[in-house]
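Subject: Structure handover

Hello,

Here is the structure I promised to pass on. Please open it first, then read my notes below.

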Amino acid sequence: MTAEQTQIDLVTTPLEQRGPTALRIMVGGQLRKLREARNITPQAAGEHIRGSHAKISRLELGRTGYKIRDVNDLLTLYGVVDPTQRESFLRLVAMANEQGWWHGYSDLLPSWFENYLGLEGDAKSIRTYEGQLVPGLLQTDAYARAVVSLAHGEREVDRRVELRRRRQQILDLHDGPTLWAVLDESVLHRPVGGREVLREQLIYLEQMSHRTNVTIQVLPYRAGGHAAVGGSFTILRFNEQEIPDVVYLEQMASALYLDRPDDLELYREVMDRLSIQADPPGHSQELLRAAAAELA
């Protein structure tokens, strides 16, 4: 086994365009492929780096930072001895260890949401269903302030709204993601922040819906029951084959990240059914304008 040399499938995507969260997942996926190619168990790999199989699992899922010593030891164990390949891979590791822009707000963010910000920023497409509130990427400052105040009172409201505004900048990027949002009609009538705040928010939604990278559909009351009775969710898709789609489910004090094929297929089917049940974009724009007019 030691005589055989393993080749790394080096990432071809321009690394500078990827954030640290996506890079960690790419590094982890590559490490998993290398381990499996050598028929090495997670337990054996963990022992080799003075850890456990759980540590290997976290590394391979990209859910933690990487120690250069550990990666060097794993590359040696996996038979990667070519200096050029090792150097290129360690460069990728160093970039994966960098802090994202949201690090400056880490005192405000639970760790489970930091991971989502990284994934959201690297996504190729974002499809979301929201049954209660306007999605964060589409909130006005006044609406965001009202939402933040509901959850956190008056603690760091300005910075939390600023954080939300920073998130929204991905929709202005030339190579940023597309956003497809399906909103339950109740979102149009729940006066978060008061009537005027909601009216301005609805006007903003209608304006955003004309952008080429934004699609907004309203799921009207007359549609009756629908497939997303379990609540709001978001599906993220990425350019890189190394990164699987992710379904994000936010809860009161935690979040779930689903990437198993069966789960992904279920949520894709639900989103497709919601998109069929919801009014088409043009009619949804009319609903937004009508709801805003009622608040004037």
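A word you will need throughout: a residue is buried under 20% relative accessible area, exposed over 50%, and partly exposed in between, using a 1.4 Å probe and protein chains only. This is a predicted model, in which local features need pLDDT of at least 70, side-chain atom pairs count only at pLDDT 80 or more, and totals for chains, interfaces and linings use all residues. Residues are numbered from 1 along each chain as its sequence is written, and side-chain values use heavy atoms, with hydrogens and water left out.

**The whole chain**

The chain has 11 helices and six strands. Helices (H or I, at least four residues) and strands (E, at least two) are DSSP runs, numbered from the N terminus. The C-alpha trace spans about 75 × 40 × 35 Å along its principal axes. Of the 296 residues in the chain, 49% are buried. The accessible surface is about 14900 Å², and 51% of that belongs to carbon and sulfur atoms. Such areas come from the Shrake-Rupley method with a 1.4 Å probe; for residues, only the protein chains shown count as cover.

Now contacts, meaning heavy atoms within 4.5 Å. Take those with a separation of 6 or more: 75% of them are between residues 24 or more positions apart.

**The cores**

In soluble globular proteins, nonpolar side chains tend to be buried together. A nonpolar core here is a set of buried Ala, Val, Leu, Ile, Met, Phe, Trp, Tyr and Cys residues joined through side-chain atoms within 4.5 Å. The largest one has 68 residues. Val27, Leu74, Tyr78, Phe89, Leu138, Leu202 and Leu205 have the most contacts inside this core. Helix α1 gives the largest share, seven residues. Another core lies apart from it, with 15 residues, including Leu219, Leu258, Val270 and Met271.

Look at Val27 in detail. Setting aside neighbours within four places in sequence, Val27 is in contact with Tyr66, Phe89, Leu92, Val93 and Ala96.

**Arg24, a buried charge**

Arg24 sits in helix α1, which covers residues 20-37. What is the nearest side chain of opposite charge to Arg24? It is Glu114, 7.6 Å away. Arg24 is buried and has no salt bridge. By the rule used here, a salt bridge is a side-chain nitrogen of Lys or Arg within 4 Å of a carboxyl oxygen of Asp or Glu. For charges, Lys and Arg count as positive and Asp and Glu as negative; His and the chain ends are not counted. Beyond four places in sequence, Arg24 touches Gly62, Thr64, Gly65, Tyr66, Ala96 and Asn115.

**Salt bridges**

How many salt bridges does the structure hold? There are 18.

- Glu120 pairs with Arg167, the closest N and O atoms being 2.8 Å apart. This pair links distant parts of the chain, with Glu120 in helix α6 (residues 111-122) and Arg167 in helix α8, 47 residues apart. Both Glu120 and Arg167 are buried.
- Asp141 pairs with Arg165, with the closest N and O atoms 2.9 Å apart. Asp141 lies in helix α7 and Arg165 in helix α8, so the pair ties together parts 24 residues apart in sequence. Asp141 is partly exposed because its relative accessible area is 36%. Arg165 is also partly exposed, at 37%.
- Asp158 pairs with Arg145, and here the closest N and O atoms are 2.7 Å apart. Asp158 is in helix α8 and Arg145 in helix α7, 13 residues apart. Asp158 is exposed at 54% relative accessibility, while Arg145 is partly exposed at 36%.

Shared partners also join Arg50, Lys55, Asp70 and Asp73 into one salt-bridge network.

**Loops and Pro42**

Asn39 has a positive phi of about 55°, although it is not a glycine. Asn39 lies in the loop between α1 and α2. Is Asn39 buried or exposed? Asn39 is exposed, because its relative accessible area is 71%.

Glu156 also has a positive phi, near 55°, and is a residue other than glycine. Glu156 is in the loop between α7 (141-152) and α8 (157-168). At 38% relative accessible area, Glu156 is partly exposed.

Pro42 lies in helix α2, residues 42-48. Pro42 counts as partly exposed because its relative accessibility is 26%. Leaving out residues up to four places away in sequence, Pro42 touches Arg35, His53 and Ile56.

Best wishes
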